[in-house]
Amino acid sequence: MRENRVKRRLRAGEVVVGCFIPYPSPELAEICGYLGFDFVLIDAEHGRITEESAYHMVLAAEVAGATPIVRVPFGHRQVILRYLDLGAAGVMVPQVNTPEEAVAVVEACRYHPNGRRGVAGVRAAEFGLTKPLSEYVQEANAETLVIVQIESIAAVERLEEYLAIPGIDVLFVGPNDLAQSMGYPGQPLHPDVQAVIDDIVRRVAGRVPLGTTAPTPELAQRQLERGFLMLAANTTALLAAGARGLLGAVAAKIQ
């Protein structure tokens with residue numbers, strides 16, 4: 001299994017920046033790698049990315065030097081298994097709203113003795129051709145990145161219990177769904193939502209790396225100042241910003 005550079009850097013307290021890709025496009029995954037993103041987040045929760053399209057996006061990200069991570073549709077053990085088996089370096093699991101669900105996620109991502117992931121000679125194991133599976137499972141337990149999303153006020157209320165669970169590599173704050181759970185749908189920048197996020201950062205206090213979204217340079221800077229180490233932009237937002245800048249410059253010139 002490939003060395004997980006993103007996991008190494010997070011453990012060293014370094015910042016990593018990646019990009020959500022909600023469209024089934026290997027080319028976008030490859031482009032994000034060549035642009036210098038540390039990781040690509042292949043978003044199988046929203047949009048129409050399937051296991052088959054994710055497979056090709058994982059390959060493309062690897063070619064371009066970006067770490068491929070899949071946000072799975074939901075936290076079912078067999079769903080997580082299939083995306084990890086195709087070679088994703090890690091998974092992000094959405095809507096993990098109780099510590100009990102978080103424990104199940106960790107167990108789904110790890111082999112014995114750390115979990116219950118099923119063993120097979122899959123692509124992640126280089127099809128069982130380069131080393132014994134007994135060696136591969138140890139490597140996979142060390143290299144696989146487990147990202148649990150905190151995106152409900154119910155999860156925030158039990159945050160201390162999440163922090164006590166071994167095997168969670170990143171707690172990723174999802175501002176949109178957190179805002180919705182607080183009664184502010186579509187308002188992730190609402191002061192009440194931002195106050196809860198500040199409280200999360202204060203309570204975690206570096207015990208586990210924190211991640212969140214950063215669709216603009218200004219918000220990325222703010223999240224870094226707060227203490228977030230894993231930042232995820234979005235291809236749609238980046239395309240929109242570039243397009244609007246270009247179209248605005250042209251419009252200003254021809255008026």
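This is a predicted model: local features need pLDDT of at least 70, side-chain atom pairs count only at pLDDT 80 or more; totals for chains, interfaces and linings use all residues.
Some ground rules. Residues are numbered from 1 along each chain as its sequence is written, and side-chain values use heavy atoms, with hydrogens and water left out. Local features need pLDDT of at least 70, side-chain atom pairs count only at pLDDT 80 or more, and totals for chains, interfaces and linings use all residues.

Start with helix H4, residues 77–85. Helices here are DSSP runs of H or I, at least four residues; strands are E runs, at least two; both are numbered from the N terminus. Which H4 residues are buried? Val 79, Ile 80, Leu 81, Tyr 83, Leu 84 and Asp 85. Buried means under 20% relative accessible area, exposed over 50%, partly exposed in between, with a 1.4 Å probe and protein chains only. Those residues pack against helix H3 (51–63), strand E3 (67–71), strand E4 (90–93) and helix H5 (99–109). After H4 comes Gly 87, with a positive phi near 115 degrees.

Next, Leu 210, in strand E7 (residues 210–213). Its relative accessible area is 4%, so Leu 210 is buried. Phe 172 is 38 residues away along the chain, yet the two C-alpha atoms are separated by 5.7 Å. Beyond neighbours within four places in sequence, Leu 210 has contacts that include Val 170, Ile 200, Phe 228 and Met 230. Contact means heavy atoms within 4.5 Å.

Last, the surface. Val 15 sits in the loop between helix H1 (5–11) and strand E1 (16–21). Val 15 counts as partly exposed because its relative accessibility is 30%.
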